[in-house]
Amino acid sequence: MNATGKFAGFTVGLVVIFGAALALGSIAGPDVAEPAAYTAEGDGHGATGHDTSSHDTAADPTPGGLTPTADGYTLELASDQVAAGAAVPVQFRITNPSGVSVTDYTPEHEKLLHLIVVRRDLAGFQHVHPTLDAAGTWSVPLDLTRGGDYRVFADFTPAGGEGVTLGTDLRVAGTYDPQELPAPAPTTTVDGYTVTLDGTLRPGETSNVTLSVSRDGRPVTDLEPYLGAYGHLVALRTTDLGYLHVHPDGHPGDGVTAAGPGIDFAVTAPSAGDYRLFLDFQHAGVVHTAEFTATAAPEEK
């Protein structure tokens with residue numbers, strides 16, 4: 001996506017609706033044994049809505065990924081509970097308003113569907129791209145070595161339709177080691193890279209922020225295109241895991257956008273509070289993910 005990504009997919013206020021039932025599909029999933037060490041309990045967060053700003057359309061005031069069903073489309077996991085493992089096979093399908101598996105999609109950012117997976121304590125983030133078979137079943141191996149409740153987001157555009165983001169829970173049986181949310185900080189490190197966040201999020205305002213990449217104290221000026229951009233930002237509101245897939249200003253090869261060190265975003269955070277930011281960037285043929293906690297707070301007067 002080449003348009004400026006915004007946090008406009010988040011609503012004002014904090015929405016937590018307990019008891020939303022998980023949508024389960026009729027497709028057959030992998031048979032996996034559940035160890036006795038841990039049985040995850042889903043909290044069933046849910047609220048209708050999807051994010052359209054990640055698909056370069058007008059801002060939608062409703063956060064994405066809070067329910068498995070939106071706009072008539074439903075995300076159905078083959079199994080909502082699996083055993084922990086390093087490469088756990090996960091299958092799912094997207095059904096249309098008639099209950100039929102969707103097999104025709106419009107590519108977004110060079111892929112038919114983006115799958116985001118993260119544990120509910122915001123650990124274990126993954127951005128992967130499943131494969132689709134002729135019957136409409138998606139398949140992907142996931143790194144689920146740590147037990148717990150995970151949120152699974154499917155970000156896609158059905159052919160002839162608008163962008164949709166759906167979310168549902170996946171319970172992973174195994175040893176559970178809940179992590180505290182890292183404190184907000186302007187700098188983080190990943191795989192020998194240092195990434196710095198310059199800019200402040202203000203609720204109800206558009207904030208210009210820059211994520212700058214360096215290595216060994218030197219700015220990285222040869223970032224490589226990844227899925228058609230120099231950076232991809234997934235933002236999750238920490239209170240309810242409201243989702244937004246954000247993309248930077250410009251695009252590779254436009255004669256204007258520099259290949260680093262800075263990646264510019266225009267961010268609109270409509271509600272105050274903490275957000276967890278996950279930046280994907282590629283350098284030297286390898287994709288890295290930098291993680292931040294950022295707080296959107298009103299400007300002091």
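**Buried charges and strand pairing in a predicted, all-strand chain**

At a relative accessibility of 2%, R151 counts as buried, the term buried denoting a relative accessible area under 20%, with exposed meaning over 50% and partly exposed lying in between (1.4 Å probe, protein chains only). The model is a predicted one, in which local features need pLDDT of at least 70 and side-chain atom pairs count only at pLDDT 80 or more, whereas totals for chains, interfaces and linings use all residues. Residues are numbered from 1 along each chain as its sequence is written, and side-chain values use heavy atoms, with hydrogens and water left out.

The secondary structure of the protein chain consists of zero helices and 19 strands, where helices (H or I, at least four residues) and strands (E, at least two) are DSSP runs numbered from the N terminus. Of the 301 residues of the chain, 52% count as buried, and the chain exposes about 12300 Å², of which carbon and sulfur atoms supply 51%; these accessible areas come from the Shrake-Rupley method with a 1.4 Å probe. Among contacts (heavy atoms within 4.5 Å) between residues at least 6 apart in sequence, 70% join residues at least 24 apart.

An open sheet of five strands has the order β3-β10-β9-β5-β6 with mixed pairing, two strands being taken as paired if DSSP finds at least two bridges between them. Strands β3 (81–83) and β6 (126–128) stand at the edges with a single partner strand each, so that one side of each is left without a neighbour in the sheet. From one strand to the next the twist averages 25 degrees, with axes fitted as lines to C-alpha atoms and angles running from 0 to 180 degrees between N-to-C directions. Within this sheet, strand β5 (residues 113–119) pairs with strand β9 (residues 148–156) in the antiparallel sense over seven bridges, and the bridge partner of L115 in β9 is A154.

The structure holds eight salt bridges, each defined by a side-chain nitrogen of Lys or Arg within 4 Å of a carboxyl oxygen of Asp or Glu. One of them joins the side chains of E76 and R93 (2.8 Å, N to O); E76 lies in strand β2 (residues 73–77) and R93 in strand β4 (residues 85–95), so this pair ties together parts that are 17 residues apart in sequence. E76 is buried at a relative accessible area of 12%, and for R93 the value is likewise 12%.

R120 forms a salt bridge with D169, the closest N and O atoms being 3.0 Å apart; R120 lies in the loop between β5 and β6 and D169 in strand β10 (residues 164–173), so the pair ties together parts 49 residues apart in sequence. D169 also forms a salt bridge with R151, again with the closest N and O atoms 3.0 Å apart, and since R151 lies in strand β9 and D169 in strand β10, this pair ties together parts 18 residues apart in sequence. D169 itself is buried, with a relative accessible area of 1%.

A further buried residue is H232, with a relative accessible area of 1%, placed in strand β15 (residues 232–237). Leaving aside neighbours within four places in sequence, H232 is in contact with H109, Y226, L227, H245, V246, H247, F278, L279 and D280. The side chain of H232 reaches the backbone oxygen of Y226 at 2.5 Å. H232 and Q282, 50 residues apart in sequence, are 9.9 Å apart in space, C-alpha to C-alpha.

Conventions: Polar contact = N/O pair within 3.5 Å; in protein donor to acceptor, adjacent residues only side chain to side chain.
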